[in-house]
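Dear colleague,

Please find below the structure that I would like to hand over to you, followed by a short account of what was found in it.

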Amino acid sequence: MRKAFTTAGLLALSLITPAAIAGHGNHGSVSLEDCLTAASAVKQGDFIKVEHLNVTTGGDPTYEIEVRDDQGTEWELMCSARTGDIYELETEADGADDPAFANAAKISEKEARKVATDRFPGTVEEVEYEIEASGDPSYEIDVVDEGGTEFKLEVDAVSGDIIEVSVEHWEIGEEPAEKP
């Protein structure tokens with residue numbers, strides 16, 4: 001059974017961890033609710049998961065908001081916690097054999113995991129298959145190091161380059177098909 005959350009449901013869940021929200025959730029003038037509203041304006045559907053990240057290239061606090069639309073397609077929207085702007089939109093592929101992913105990918109998941117763990121040694125907690133707005137496939141790999149820090153790396157499935165690194169602070173919700 002798939003779980004989805006409404007804006008109110010996600011906000012209610014966030015009340016369970018007020019220290020996490022207060023400590024990490026509003027590093028600017030934009031609240032989680034503002035970003036959920038912005039995400040809804042871009043993609044209608046059910047909220048599946050929200051993660052609070054710092055994108056290390058700029059150290060900017062970001063909400064990664066996952067939405068499932070009426071057709072069952074899952075979307076990831078990146079919302080700046082400083083401005084409330086949606087600055088990235090990706091769709092999730094069903095797996096490595098999804099034609100949109102498989103037809104363009106040049107490196108295997110095993111190779112992508114190695115790239116990720118060579119850069120950030122630790123345990124791979126999750127792998128997702130994504131299609132960037134450009135149509136390019138990428139692996140999103142969550143790695144937890146010995147100290148418990150969770151790094152979210154996007155590895156280009158064509159070149160094998162790391163194209164984005166974030167540090168996860170907290171997560172609300174979970175996708176049922178998350179793959180370790």
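A residue is called buried when its relative accessible area is under 20%, exposed when over 50%, and partly exposed in between (1.4 Å probe, protein chains only). This is a predicted model, in which local features need pLDDT of at least 70, side-chain atom pairs count only at pLDDT 80 or more, and totals for chains, interfaces and linings use all residues. Residues are numbered from 1 along each chain as its sequence is written, and side-chain values use heavy atoms, with hydrogens and water left out.

The whole structure holds 12 salt bridges, a salt bridge being a side-chain nitrogen of Lys or Arg within 4 Å of a carboxyl oxygen of Asp or Glu. Lys152 takes part in one with Glu51, their closest N and O atoms lying 2.8 Å apart. This pair links strand β7 to strand β1 across 101 residues; strands are DSSP runs (E, at least two residues), as are helices (H or I, at least four), numbered from the N terminus. Lys152 also bridges to Asp142, at 3.1 Å between the closest N and O atoms, and Asp142 lies in strand β6. Asp142 counts as buried because its relative accessibility is 1%. Lys152 is buried at 4%, and Glu51 at 0%.

A further salt bridge joins Lys49 and Glu126, with the closest N and O atoms 3.5 Å apart. Lys49 belongs to strand β1 and Glu126 to strand β5, and both residues are buried.

Yours sincerely
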